[in-house]
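Subject: Structure for you to look at

Hello,

Here is the structure I said I would pass on. Please open it first and keep it beside you while you read the notes below.

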Amino acid sequence: MMNLKMLAAHLGLSQTTVSRALNGYPEVSEATRQRVVEAAQRLNYAPNQRAKGLATGRAMAIGHVIPVSKRHEMMNPVFGDFVAGASETYLKAGYDMTLSMTGDEDEADNYRRLKAKGHVDGIIVHGPKMADGRIPFLTGLDMPFVVHGRASDLDEPYSWVDMNSARAFRRATAFLLDLGHKRIALLNGLEFMDFAHRRRLGYKDALQERGIACDPALMFSEEMTEPYGYKATTRLLSLPEPPTAILSSSLITAIGVRRAIHEAGLEMGRDVSVITHDDDFSYLSNGRDVPIFTATRSPVREAGRIAAEMLLRQISAPDQPPETHLMEAQLIIGGSTGPAPKQT
């Protein structure tokens with residue numbers, strides 16, 4: 001099996017130069033680095049991660065701490081695709097990934113243990129609330145971290161990757177208004193979560209721009225499940241003035257919305273228009289050739305890749321200022337929207 005000593009001898013370079021080239025040290029020229037990387041790939045050289053960790057003083061692992069409290073909305077499909085994108089980046093960089101479950105009461109202790117034992121070099125923070133105490137805590141702990149999302153009520157700088165939820169839902173609501181819809185319902189996520197707060201703001205801004213007052217009877221906020229979509233839509237359709245369009249914060253919730261519309265003997269896209277947010281899941285497709293739902297689409301797997309790359313840069317250069325990356329959602333036109341039904 002090819003080891004570092006053999007690779008260095010093959011290239012006629014010192015082991016130190018080869019090691020530094022493979023680990024991206026800036027003092028190695030780009031030409032030398034490229035030559036070493038190509039040779040390593042050609043000869044199937046794989047660095048010993050334990051030795052690499054000892055040499056760099058790093059654990060060569062990234063932590064993902066998962067809140068188990070019911071007051072957090074983790075949305076497992078989103079988390080699964082995000083981690084898939086992040087893990088591809090870790091693998092290429094020679095890092096492992098660790099998952100840790102924690103409750104609200106011992107979350108701070110969990111972070112302290114990870115820091116004290118040196119089990120991870122950095123952390124990805126999931127599901128931020130509007131005022132998220134984990135962010136100032138990790139900053140004070142001097143632990144490299146990147147947040148998947150943002151915390152609106154915090155002013156301090158920190159690294160994050162997020163989708164522009166406000167703009168996406170403002171655009172989706174405006175699209176429905178352009179189709180003639182005036183009674184538009186919002187089935188949102190839990191609104192102490194930052195993404196859901198931003199989505200409501202986008203929805204309300206679009207209505208107010210057209211001089212339409214927000215109707216509390218048309219706005220819901222719950223954990224984003226299929227039963228939630230079904231029950232909320234059933235209730236909406238029983239109103240004296242039911243909505244002609246529904247904006248859903250999750251593709252999973254939208255499946256329940258569609259079930260309720262069909263059970264009411266109505267046709268989605270003709271009698272009731274639906275727009276949902278689609279995180280572009282790898283295993284939950286919004287149709288094949290033609291999308292089932294008109295959707296604001298954002299690739300969560302790509303967000304995982306970007307967050308992982310950002311965190312690895314932070315670990316390599318801890319003195320650099322925090323990075324931020326705001327992703328824009330696409331509006332995908334599907335079969336679930338159409339002109340508002342004519343009043344009879």
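A charge is said to sit over a ring if NZ of Lys or CZ of Arg is within 6 Å of the ring centre and within 35 degrees of the ring normal. One such case has the charged end of R150 over the ring of W160, at 4.7 Å from the ring centre. Another has the charged end of R259 over the ring of Y230, 3.8 Å from its centre. Please keep in mind that this is a predicted model.

Overall picture

The chain has 344 residues, and 49% of them count as buried. It contains 12 helices and 12 strands. Among contacts with a separation of 6 or more, 69% are between residues 24 or more positions apart.

The cores

The largest nonpolar core has 34 residues, and the members that touch the most others are I184, L187, Y203, L236, I246, L247 and I261. At least two residues of this core come from each of α8 (165-178), β6 (184-188), α9, β7 (219-221), α10 (226-237), β8 (245-248), α11 (251-263) and β9 (273-278). The largest share, 5 residues, is supplied by α8. Another core lies apart from this one; it has 20 residues, including I62, A86, V300 and A307.

Leaving out residues up to four places away in sequence, L187 touches F220, Y228, G229, A232, T233, L236, I246, L247, S248, S249, T253 and V257.

Helix α9 and R199

Helix α9 has 16 residues, and its first and last C-alpha atoms are 23 Å apart, close to the 22 Å expected at 1.5 Å a residue. Its buried residues are D194, A196, R198, R199, R200, G202, Y203, A206 and L207. They pack against β5 (160-163), α8, β6, β7, β8 and β9. Just after the helix, G211 has a positive phi of about 75 degrees.

Not counting residues up to four places away in sequence, R199 touches M163, S165, F169, N188, S249 and H277.

H277 is in strand β9. H277 is also buried, with a relative accessible area of 1%. H277 and F169 are 108 residues apart in sequence, yet their C-alpha atoms are 8.5 Å apart in space. The side chain of H277 also reaches the backbone oxygen of T296, at 2.8 Å.

D280 lies in the loop between β9 and β10 (294-297). D280 is partly exposed, with a relative accessible area of 35%. Beyond four places away in sequence, D280 touches D81, R297, S298 and P299. The C-alpha atoms of D280 and L251 are separated by 9.2 Å, and the two residues are 29 apart along the chain.

Helix α11

S250 caps the N-terminal end of α11, with a side-chain oxygen 3.1 Å from the backbone nitrogen of I252. Just after α11, G265 takes a positive phi of about 75 degrees.

The aromatic pair

The structure holds 1 aromatic pair. The ring centres of Y111 and F137 are 6.4 Å apart and the ring planes are at 40 degrees, so the pair is tilted. The pair links distant parts of the chain, 26 residues apart: Y111 is in helix α6 (residues 107-117) and F137 is in helix α7 (residues 134-141). Y111 is buried, with a relative accessible area of 2%, whereas F137 is partly exposed, at 23%.

Regards

Technical notes: Residues numbered from 1 in each chain as written. Predicted model: local features only at pLDDT ≥ 70, side-chain atom pairs only at ≥ 80, totals over all residues. Heavy atoms only, no water. Contact = heavy atoms within 4.5 Å. Core = buried A, V, L, I, M, F, W, Y, C linked by side-chain atoms within 4.5 Å. Buried < 20%, exposed > 50% of the residue type's maximum accessible area, 1.4 Å probe, protein only. Helix = DSSP H or I, 4+ residues; strand = E, 2+ residues; numbered from the N terminus. Polar contact = N/O pair within 3.5 Å; in protein donor to acceptor, adjacent residues only side chain to side chain. Phe/Tyr/Trp six-rings, centres within 6.5 Å; stacked < 30°, edge-to-face > 60°. Expected span 1.5 Å × (residues − 1).
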